[in-house]
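Subject: A structure for you to look at, with notes

Dear colleague,

I am passing on a structure that I have been reading through, and I would be glad if you kept it open beside these notes. Please go through them slowly, with the model in view.

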Amino acid sequence: MQNVKEIQNSKGFESKKMITFYFPRRYVLIILGFLGMVSVYTMRVNLSVALVAMVNQTTTSSSNGSLHEFVECPNLLNAGTQTESTQFKGTRYNWDSKVQGTILGSFFYGYILTQVPGGVLAERFGGKWLFGVGTFITAVFSILTPLAASLGTTAFIVVRVLEGIGEGVTFPAMNYLISTWAPMTERSRFSTIIFTGNPFGNVIAMPISGLLSSASFLGGWPAVFYVFGGLGCIWFVFWSFLVYETPDRHPTISKEELFLIEQNNDEKLKQKPAVPWRDIFTSIPMWALIIAHTGHNFGYYLLMTEMPTYLNNILHFDLKSNGFLSAIPYIAQGAAAWVASFIADRLRVSETMSITSIRKLFQIIGVFGPACCLLLINISGCRPQLIVALLTLGMGFNGCIYSGFNVTHVDMCPDFAGTAFAITNAVANLMGIIGPLVVGYFTATGSTIHNWSEVFYTAAAVYFVSGAIFAIFGSAEVQQWGTATVEVKEEKNEKKLSIIPDVICSH
């Protein structure tokens, strides 16, 4: 981070060394990429907490018999943990559980729609503006959310779909930027730090959403959408001026850093090759990657979107405690992910394990660990401290997936990393729609420990199966279709590049 320059005095007799501070420009991308991911995730998950404040709780309560006859863990309710329900600020709506499930899932209809187009656009035109504008659009519609809710359920759902459309291009665009800026030996850490903006977004959104929903600031729960949307707009300004598409376009990057990136990265072609769609969809490792991503998302989204409801209905935490407790597991996830990424990069540098073995090892830990914790929750009964501890431990294990399947897209197909991530993310994010429906199906007869056990058993089974498939069929080696090989004539007088037909060849 320092440059040493030789400076000669005016007489030319002496030479002094002056140390100047230099902050690597790729770190700027890492920091703003991380904050961008924090921003988009706060705007995605804040509804999970705010919805508790937006819904008239009497609508979902049973009118027959005493409350204790229909409530699990009544001893926790007697302890007076749920004292904030009458203090929510803002308009309340009479939405039953099915309508709430539809609202929570509506974001993903738009989100899935722009995944593959986002990947293709990133590879053709670059990822900087695609990621930035996608985040900005998400922020604008977040600010419009309270207005849409006041206009009716349909308007609310439409705005959430449009918000999903804006955010849908961000992940493929960022994956492409990582493939351009990250040296191979830093790839695990580079990718992990940026993408752990997701759990840290949860850490920020959940407790703050709970606090804002119970405060008078900007009308209660509407402040949740105003605040996070406004912060997203501010982030966009910094992103626009400080981030550049490629290292060689950065006006102030040092020659040393540019050399480091270019010598430790896959060469990008000026002429963008055609995407080898047939080879992608007939690749066994690619399908293993799709299944790994889908299995992870099923468990992750189920917990992310439904954890506030579980803590409220089963363990009877008030909204403020709900938000803070919902955030604790994601702190563990982010911290564990950073440690795992450092270990993964060290293993790669030492060459003690192949890159495929490294990815499989961390993926197995990342999905088998949470699965075991969910099984233990099912036998924990009404022990809130133990359950929160197991959720935290499970999400800590889950942090390893950032050094598992998540970065494998860049490893196996560096020239098509954006498209590959878009494909797996599009399929995997169907779980954002299916997850709430699964919970609604199992809890249709009541929010009971038994019914929630069925939810956790299902999530654990999906974790185990998807992890096993990736361990057997997955690969992080560069695929034949993963790079577009360019033959460069060695003769100095021949400068023309020739691309191999169909863009299918080995690395």
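Below is what was found, beginning with the chain as a whole and then moving to particular places.

This is a predicted model, in which local features need pLDDT of at least 70 and side-chain atom pairs count only at pLDDT 80 or more, while totals for chains, interfaces and linings use all residues. Residues are numbered from 1 along each chain as its sequence is written, and side-chain values use heavy atoms, with hydrogens and water left out.

The chain as a whole

The chain holds 22 helices and 4 strands, where helices (H or I, at least four residues) and strands (E, at least two) are DSSP runs numbered from the N terminus. Of its 507 residues, 56% count as buried; buried means under 20% relative accessible area, exposed means over 50%, and partly exposed lies in between, with a 1.4 Å probe and protein chains only. The accessible surface of the chain is about 21,600 Å², and 64% of that belongs to carbon and sulfur atoms; such areas come from the Shrake-Rupley method with a 1.4 Å probe, and for residues only the protein chains shown count as cover. A contact means heavy atoms within 4.5 Å, and among the contacts between residues at least 6 apart in sequence, 81% join residues at least 24 apart.

Salt bridges

A salt bridge is a side-chain nitrogen of Lys or Arg within 4 Å of a carboxyl oxygen of Asp or Glu, and by this rule the count comes to 8 salt bridges. One of them brings together the side chains of Arg26 and Glu186, at 3.0 Å from N to O. This pair links distant parts of the chain, since Arg26 is in helix 1 (residues 25-54) and Glu186 is in the loop between helix 9 (170-181) and helix 10 (187-195), 160 residues apart. Both Arg26 and Glu186 are buried.

Arg44 forms a salt bridge with Glu167, with the closest N and O atoms 2.8 Å apart. Because Arg44 lies in helix 1 and Glu167 in helix 8 (residues 153-168), the pair ties together parts that are 123 residues apart in sequence. Arg44 and Glu167 are both buried.

Asp345 and Arg189 form a salt bridge, again with a closest N and O distance, here 2.8 Å. Asp345 lies in helix 16 (residues 319-350) and Arg189 in helix 10, so this pair ties together parts that are 156 residues apart in sequence.

Helix packing

Helix 19 (residues 405-412) and helix 20 (residues 417-428) pack at an angle of about 145°, with their axes 8 Å apart; axes are lines fitted to C-alpha atoms, for helices over the stretch in contact, and angles run from 0 to 180 degrees between N-to-C directions. The contact is made by Asn406, His409 and Val410 of helix 19 and by Ala417, Ala420, Phe421 and Thr424 of helix 20.

The axes of helix 9 and helix 20 come within 8 Å and cross at roughly 145°. Among the residues that make this contact are Phe171 and Tyr176 of helix 9, and Ala417 and Phe421 of helix 20.

Two single residues

Gly105 is found in helix 4 (residues 97-113), and it is buried because its relative accessible area is 3%. Leaving aside its neighbours within four places in sequence, Gly105 is in contact with Gly432 and Ile433. Gly105 and Leu430 are 325 residues apart in sequence, but 9.2 Å apart in space, C-alpha to C-alpha.

Glu351 is found in the loop between helix 16 and helix 17 (355-377). Its phi is near 60°, a positive value in a residue other than glycine, and Glu351 counts as exposed because its relative accessible area is 68%.
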